[in-house]
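Hi,

Here is the structure I said I'd pass on. Have a look, and my notes follow below.

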Amino acid sequence: MPSPVGDNPPAPGKPDPNVVIAAVPFTSPQPQGGQYQILITNEMDPTDKMDKIIALAAAGPPGDNFQGTARRAAKLSISAAQVEHFDDLQGLIASLVADADMEALGIPTSADSGRVEQEDRNVEVRAFLYAASRESDNDFHLILGPDPSLGSSSFMTMEVSGLPPDGSGSLDTLSTVRDTFKGQFDGNLPGFGYNFFKPPIPVDIGGSLFFDATHASGGPTPGPRDAKPVTIWEVHPVTTLTFEPG
C-alpha cells in the first residue's frame, strides 16, 4: 500500500514534500531489477488547462492517440538526420541554439507547423529519468537530468508522444517507444500530476529535437518546480528508449 512521505526539504530534482501524496515501492522489470520509489504528487504544469484535464479525466481511459494541435506536424514527425551521440545531458544542452535566437524566428504554432532547420537533428544521450506526467495532449512528459551524484540541476524535457494516425510513417517507431514506457511502469503510469522517481532511473534516450514555441512568449516554463528544465528545447518525439542500460 502507498505510504505517506515525511517532511524532507525539497532539493533540485526532488519534489516539494507538500505536493507528495504517497510513495510506492517499485521494482524495475528490466533484468537489473533496480529498486526505486515512485513519489506520486499532485503537482501539474501551470500550462495545462484545468478544464481540459477535468474533461479528459471524466472521459475515462485516454487510449494512446495524440490529442493535441499545437505544432502537431512537427511533434509527430521524425527527422531524417544522422544520430548525434552525447555522453551526458550537459553536452546535449550546450549544443542547442539559444532559446532567445529560436524565439526570434517566430515559429508558428499551428497544427501544420513542421520542423525548422535548427530542429532537423536526431540526438541520443545517457541521462536519468527524474519525473514524468501525462499531458492533456496524451504525451508522456519526461523530465531528464544528469547523474544525481553530480548535484547538477540541468534538466530537459523529452516527450514519449501520443500516437499519430494509422498510415503515418512514424507510427511504428512511436508505438514501440510508447509500449516500452508503458511496459516499464505497468500499473504505475503517471497521471496529470508528476510522478518522481527515487533514485532517478538511468536511461539511454534519443529522438528528434523540437523547440516548444508555444512557451516562447515569456509564460511559465513547463516542468515541476524543483526539476525545472533549463531550456524550452525538447526531444520530441522520443524514438529510442532503454531503461537501466548496461
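Let's start at methionine 158: setting aside neighbours within four places in sequence, it touches Leu89, Leu92, Val125, Phe140, His141, Leu142, Leu144, Ile205, Val235 and Val238 (contact means heavy atoms within 4.5 Å).

Before going on, a caveat: this is a predicted model, where local features need pLDDT of at least 70, side-chain atom pairs count only at pLDDT 80 or more, and totals for chains, interfaces and linings use all residues. Numbering runs from 1 along each chain as its sequence is written, and side-chain values use heavy atoms, with hydrogens and water left out.

Met156 and Met158 have the most contacts inside the largest nonpolar core, which has 38 residues. By nonpolar core I mean buried Ala, Val, Leu, Ile, Met, Phe, Trp, Tyr and Cys residues joined through side-chain atoms within 4.5 Å; buried is under 20% relative accessible area, exposed over 50%, partly exposed in between (1.4 Å probe, protein chains only). Among the elements that each supply at least two residues are strand S6 (155–160) and helix H5 (171–184). Helices (H or I, at least four residues) and strands (E, at least two) are DSSP runs, numbered from the N terminus. A second, separate core of 11 residues includes Val20, Tyr130, Ala131 and Phe196.

Which residues of H5 are buried? They are Leu171, Leu174, Ser175, Val177, Arg178, Phe181 and Gln184, and their cover includes S1, S4, S5, S6 and S8.

As for pairing (at least two DSSP bridges between two strands), S1 and S2 run antiparallel, joined by seven bridges. S2 also pairs with S7, antiparallel over four bridges, with isoleucine 40 opposite asparagine 195.

Cheers
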